[in-house]
Amino acid sequence: MADSNMDSHLKLHIHTHDPDMKFDPPKRVADVAHVQSFTQYEKMYEQSIKEPEIFWGEIAEQFFWASQPTGAFMSYNFDVKKGPISIKWMEGAKTNICYNVLDRNVEKGLGDKIAFFWEGNYPGDDKKITYKELLDAVCKFSNVLKELGVKKGDRVAMYMPMVVELVVAMLACARIGAVHSIVFAGFSAESLRDRILDADCSAIITADGVWRGPKLLNLKAIVDKALDLCAEKSKALTNCVVLQHLTSMDGASNSEEKGKRPCKSLQITMKDGRDRWWHELMLTASSHNDPEWVDAEDPLFMLYTSGSTGKPKGVLHTVGGYMLYAATTSKYTFDLHADDVYWCTADIGWITGHTYVCYGPLANGVTSVIFEGTPMFPDAGRLWDVVDKYKVTKFYTAPTAIRSLMKFGDRFVTKYDRSSLKILGTVGEPINPEAWHWYHSVVGNSNCAVVDTFWQTETGGHVITPLPGATRTKAGSATFPFFGIVPAILTEEGVEVNGPGQGYLVFKQAWPGMMRTVYRDHERFETTYFKKFAGYYCTGDGGKRDEEGYIWITGRIDDLVNVSGHLLSTAEVESALIEHDSVAEAASVSHPHSIKGECIYCFVTLNEGEIFTEELRKELTQVVREKIGAFAQPDFIQNAPALPKTRSGKIMRRILRKIAVNDRDVGDTSTLADESVIDVLFGLRCPNA
């Protein structure tokens, strides 16, 4: 009888969606799209994998090359048994990505077009910059870098807020052939030191500080400490350029308000002979600078990602192939047109910001938004306020942000005009169907295409994604491969799964935007991505192909739990939990079990006004049983008022695993948006875990 009551009660609390339900591209999107039908996509895709030299060669013709390739248009080896792993595109061709995203657009008559609207942390703090103004600033800073002794091939570290000057700095590096290494301005001094030392940087560019919502960060103090730590390792940097972002504003009032510039209380120390103010250096710099013509396979940037060994790895991308791929994925995935106002909310400190805030949009000559703030400041309507303000047409954000905003209900969304929106994108992790439907129906008013993109720092750009005018989408599926991508699903034994099935997601063929190596550690590159399955690039993610060929990302392979011989994706469990009306967000990790080997430990964040009870715990357990099976039911479900997240919104599952087993040695927490969450979660642990 109790079970019967529970089932009927569940029906009131669970949204059910047919996973095979397909959503047609909105007519207003498809009618003007670059790719207007799935048949057109299939034709283009076929050429991209069978005749890549022709497909990418035609795209390359849209860009400026000082000289053509000296050898093969492309060559690669994915099989360690046949020799070193190698990927090359247009080797010998000379170009400059900064010239192609700025000078080329100005020469085409886009000089007066707005390149970026900048929206500060505090509402009303904003500015804009045209393509010509951006080019002038980049040329000036290129000359500044040269005056400081930075030359082609040198590595330059950057630790900055989301400001236009960060784009200026990275493009200036690209213009003179230097390699930028951006470290998200939230990493600890120790993490910054490690990245400076590994890259052997010759200079660092930072700012005095930044407001993130109501939280003040003294970036200069963190850099000072990092440089002191570098000096202890016999690496003394002599060039530190500091942007005056918070400590001075022309005409600003003397009163100080949390989250608002200027910040009178921020204390900055400048070291003679090393530290220089950005504005002083720019004052005398010339706005003329001839670009350095570099090889297509010369390094453009490195970006450090966390490695399973604990030592960050410097993912290295090169100029030519990355330029083609960033431009092409931006054009087709977001269906960019001249009149678009495009907004990617990611921080430039991550790969999404590199490709889809800076290089991709600029290569397409569109107007973009750079956002310094957070989705919750000053309230949960901030994103939609910005959409309304700038009449954003293409919007790209993380599922974590979507789920966080869902729990506040619809009112923070619907109070703003979102009629300008045409395409909604997601990035960073698989989006659960419940969040997808909310994003589509509430944010997009059921009138926008949703593009759920799968890619990695290593891939440089989208690899599995819908095309908004061509693909019939399924909620939670990344759908089909982008041009040039040949995916496969492999078993543990390395056998390809034909038709429907689940396993390791790998790629069989090189594409222009993929990483070339781990900086100074090619062996690690080969071991991490190619040795597990010879002849394939291994993503480290699990994938599932359904009966209609749609690809679903099931999460990191190391997020799989082996429960009594059943290999189970934690993402599936999380998706089931979030379908309950009370749950805003969920995270699942493995927990040791004396009989089953492993079991599942879940953390759930409830919607506003909901209370965590034993009855709710039973309901949630039943949800997982019904959605996946009895073998998948969690042994532990814990109340989590908030989850430990980085400032970019990614859940730090490493910390959740520690909490699950009551291990308080959680390691480095400097990248957390709110470290106090950890103690709260330890206090709410399931008592018998």
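**Terms and the values behind them**

Modeller: Let us begin with helix H9, in which Leu219, Lys220, Val223, Asp224, Ala226, Leu227, Leu229 and Cys230 are buried. Please bear in mind that this is a predicted model.

Biologist: How do you know what span is expected of H9?

Modeller: The expected span is 1.5 Å times one less than the number of residues. H9 covers residues 219-232, which is 14 residues, and its first and last C-alpha atoms are 20 Å apart, close to the expected 20 Å.

Biologist: What makes Asn218 a cap of H9, and at which end?

Modeller: A side-chain oxygen of Asn218 lies 3.3 Å from the backbone nitrogen of Lys220, at the N-terminal end of H9. A polar contact requires a pair of N or O atoms within 3.5 Å, and the 3.3 Å of this pair therefore qualifies. Just after H9, Ser234 has a positive phi of about 65°.

Biologist: Why is Asp295 said to have no salt bridge?

Modeller: Asp295 is buried, and the nearest side chain of opposite charge, that of Lys94, is 4.1 Å away.

Biologist: What does the side chain of Asp295 reach, and which residues does Asp295 touch?

Modeller: Its side chain reaches the backbone nitrogen of Glu297 at 2.8 Å. Leaving out residues up to four places away in sequence, Asp295 touches Glu91, Gly92, Ala93, Lys94 and Val319. Asp295 itself belongs to strand E14, residues 294-295.

Biologist: Why does Ser48 count as buried?

Modeller: The term buried applies under 20% relative accessible area, and Ser48 has 0%, so Ser48 is buried. Ser48 lies in helix H3, residues 38-50. A polar atom of its side chain is 2.6 Å from the backbone oxygen of Tyr45. Beyond four places in sequence, Ser48 touches Phe55, Trp56, Phe483, Gly484 and Gln509.

Biologist: Is Asp335 buried or exposed, and why?

Modeller: Its relative accessible area is 4%, which is under 20%, and Asp335 is therefore buried. Asp335 is placed in the loop between helix H11 (319-333) and strand E17 (341-344). Its phi is near 45°, a positive value in a residue other than glycine.

Biologist: Which term applies to Ser446, and why?

Modeller: The relative accessible area of Ser446 is 47%; exposed would require over 50% and buried under 20%, so Ser446 is partly exposed. Ser446 sits in the loop between helix H16 (433-443) and strand E21 (449-452), and its phi, near 55°, is positive in a residue other than glycine.

Biologist: Why is Gly153 called partly exposed?

Modeller: Gly153 has a relative accessible area of 30%, which lies between 20% and 50%, and so Gly153 is partly exposed. Gly153 is found in the loop between helix H6 (131-147) and strand E7 (155-159). Apart from its neighbours within four places in sequence, Gly153 is in contact with Gly177, Ala178 and Val179.

Biologist: Why does Glu614 count as partly exposed?

Modeller: Glu614 has 45% relative accessibility, again between 20% and 50%, and therefore counts as partly exposed. Glu614 is in helix H19, residues 614-627. Between Glu614 and Ile637 there are 9.9 Å in space, C-alpha to C-alpha, and they are 23 residues apart in sequence.

Biologist: What makes helix H14 mostly covered?

Modeller: Eight of the eight residues of H14, residues 399-406, are buried. The elements covering them include H13, strand E19 (394-397), strand E20 (423-426), H16, helix H18 (570-578) and strand E30 (583-593).

Conventions: Residues are numbered from 1 along each chain as its sequence is written. This is a predicted model: local features need pLDDT of at least 70, side-chain atom pairs count only at pLDDT 80 or more; totals for chains, interfaces and linings use all residues. Side-chain values use heavy atoms; hydrogens and water are left out. Helices (H or I, at least four residues) and strands (E, at least two) are DSSP runs, numbered from the N terminus. Buried means under 20% relative accessible area, exposed over 50%, partly exposed in between (1.4 Å probe, protein chains only). A polar contact is a pair of N or O atoms within 3.5 Å; within protein, one must be able to donate a hydrogen and the other to accept it, and residues adjacent in sequence count only if both atoms are side-chain atoms. Lys and Arg count as positive and Asp and Glu as negative; His and the chain ends are not counted. A salt bridge is a side-chain nitrogen of Lys or Arg within 4 Å of a carboxyl oxygen of Asp or Glu. Contact means heavy atoms within 4.5 Å.
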